[in-house]
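Here are a few friendly notes to read alongside the model. They follow one kind of side-chain contact and where its partners sit.

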Amino acid sequence: MKIQSLKIGMAIVLLMSLNFANAQQKDAEKCRYTKTPQGYLMVLREGDNVLELIEKLAKEQNIPSANFTGIGFAQDATFGFYDFNQKKFHPKTFNKVEMGSLTGSIAWSGDKPSIHMHGVATDDKFDAYGGHILALIVGTGSMEIYITVNNEKLERKVEQPLNANVLQLPCLK
């Protein structure tokens with residue numbers, strides 16, 4: 001009887017600890033950013049779409065404009081080199097790289113956030129690749145992004161003849 005009671009007690013403790021671990025994991029899944037005095041800190045996890053989540057944050061928090069920096073591991077980092085003659089990006093994806101540096105800005109294009117991101121990634125041989133980032137998925141580990149919010153809402157508009165999405169600045173008086 002005592003052994004059976006001990007087994008039942010151990011099973012209950014195991015189930016409770018599994019439920020606690022699942023609850024902690026679900027809380028971590030929900031919490032992707034926190035407010036800071038200057039703006040926000042995002043901590044993204046494996047599989048997260050970085051551009052999508054920055055855009056979501058900008059919408060949810062109604063960020064007028066911002067700049068950001070970051071570091072972390074990437075499962076896939078797609079860079080684009082802009083061909084001014086063809087007026088389009090030529091993409092190249094690198095897998096399992098470390099983002100040694102991320103930098104960018106948040107502005108608006110109509111009612112949609114417009115994210116402009118550049119970065120440098122290194123592989124396991126310490127070869128570096130960099131430029132405009134078209135897509136970025138977090139790899140094993142995490143990615144930290146520090147967002148500094150600006151008070152003024154900034155817009156991006158496509159300018160010709162380059163067909164490039166350019167940040168518009170208000171003129172000083």
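**Notes on the salt bridges**

1. Please start with helix α2 (residues 50-60), where K59 and E55 both lie, four residues apart, about one turn of the helix. Helices here are DSSP runs of H or I with at least four residues, numbered from the N terminus. This is a predicted model, in which local features need pLDDT of at least 70, side-chain atom pairs count only at pLDDT 80 or more, and totals for chains, interfaces and linings use all residues. Residues are numbered from 1 along each chain as its sequence is written, and side-chain values use heavy atoms, with hydrogens and water left out.

2. K59 and E55 form a salt bridge, their closest N and O atoms being 3.6 Å apart. The term means a side-chain nitrogen of Lys or Arg within 4 Å of a carboxyl oxygen of Asp or Glu. The structure holds four salt bridges.

3. How exposed is K59? Its relative accessible area is 46%, so K59 is partly exposed. Buried means under 20% relative accessible area, exposed over 50%, and partly exposed in between (1.4 Å probe, protein chains only).

4. Helix α2 also contains E60 and K56, four residues apart, about one turn of the helix. Their side chains meet in a salt bridge at 3.9 Å, N to O. Both partners are partly exposed: E60 has a relative accessible area of 44%, and K56 has 44% relative accessibility.

5. Finally, look at D124, which forms a salt bridge with K125, the closest N and O atoms being 3.9 Å apart. D124 counts as exposed at 65% relative accessibility, and K125 is exposed with a relative accessible area of 61%.

Terms used:
Helices (H or I, at least four residues) and strands (E, at least two) are DSSP runs, numbered from the N terminus.
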